[in-house]
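Let's take a friendly tour of a protein model. Have a look at the sequence and the 3D picture before reading on.

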Amino acid sequence: SSKGHRLPKELIQSCIRPILLHLREYTKLTIPLLRGLSRLLGLLSSWFNKTLGEKLLEHLHRFTEPEKIIELHIWKPGDEPLIAAAVMDLFSV
């Protein structure tokens, strides 16, 4: 049975924690981080609650003022829309 192959809750939480810490600030978003989160959501969707979605929407809202995002020089020029698109893609997982 699949129950015999479940990972311990503490192990999963300790593995997810670093990712969640990087999601606290929109300035720490990267394409690899968001792709990894997408894979995790596909595998472990029950481990994430609506707070994650709310936080991602909050980050996405910042991209409604692209001139401010660009002025901050957080990402390479031109990567800003890719970050926003990667965040939006998470809602289809």
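What follows is a short walk through the model, from its overall layout to a few single residues.

## The overall layout

Keep in mind that this is a predicted model. Its mean pLDDT is 88, and 95% of the residues reach 70 or more. Among the elements, helix 5 has the highest mean pLDDT, at 96, while helix 1 has the lowest, at 85.

So what is it built from? You'll find five helices and zero strands, which gives the pattern α-α-α-α-α as you read along the sequence. The C-alpha trace spans about 55 × 20 × 20 Å along its principal axes. Of the 93 residues, 28% are buried. If you take the contacts with a separation of 6 or more, 68% of them join residues 24 or more positions apart.

Nonpolar side chains tend to be buried together in soluble globular proteins. Here, the largest nonpolar core has 23 residues, and L23, L29 and L34 have the most contacts inside it. At least two core residues come from each of helix 1 (9-22), helix 2 (31-44), helix 3 (50-62) and helix 5 (80-89). Helix 2 gives the largest share, with six residues.

Which residues does L29 touch, leaving aside its neighbours within four places in sequence? The list is L23, L34, H59, W75, I83 and V87.

## A kink in helix 1

Helix 1 has 14 residues and reaches 21 Å from its first C-alpha to its last, close to the expected 20 Å. Still, have a look at I16: there's a kink of about 30 degrees there, shortly before the proline P18.

## Two residues in loops

Now for H73, which sits in the loop between helix 4 (66-72) and helix 5. Its phi is positive, about 55 degrees, even though H73 is not a glycine. Is H73 buried or exposed? It counts as exposed, because its relative accessibility is 65% and the cut-off for exposed is over 50%.

T64 is in another loop, the one between helix 3 and helix 4. With a relative accessible area of 52%, T64 is exposed as well. Its side chain reaches the backbone oxygen of H61 at 2.6 Å. How far is T64 from I19? The two are 45 residues apart in sequence and 24 Å apart in space, going from C-alpha to C-alpha.

Terms used: Residues numbered from 1 in each chain as written. Predicted model: local features only at pLDDT ≥ 70, side-chain atom pairs only at ≥ 80, totals over all residues. Heavy atoms only, no water. Core = buried A, V, L, I, M, F, W, Y, C linked by side-chain atoms within 4.5 Å. Buried < 20%, exposed > 50% of the residue type's maximum accessible area, 1.4 Å probe, protein only. Helix = DSSP H or I, 4+ residues; strand = E, 2+ residues; numbered from the N terminus. Contact = heavy atoms within 4.5 Å. Expected span 1.5 Å × (residues − 1). Bend = angle between axes of the 7 residues up to and from the residue. Polar contact = N/O pair within 3.5 Å; in protein donor to acceptor, adjacent residues only side chain to side chain. pLDDT = per-residue confidence, 0-100.
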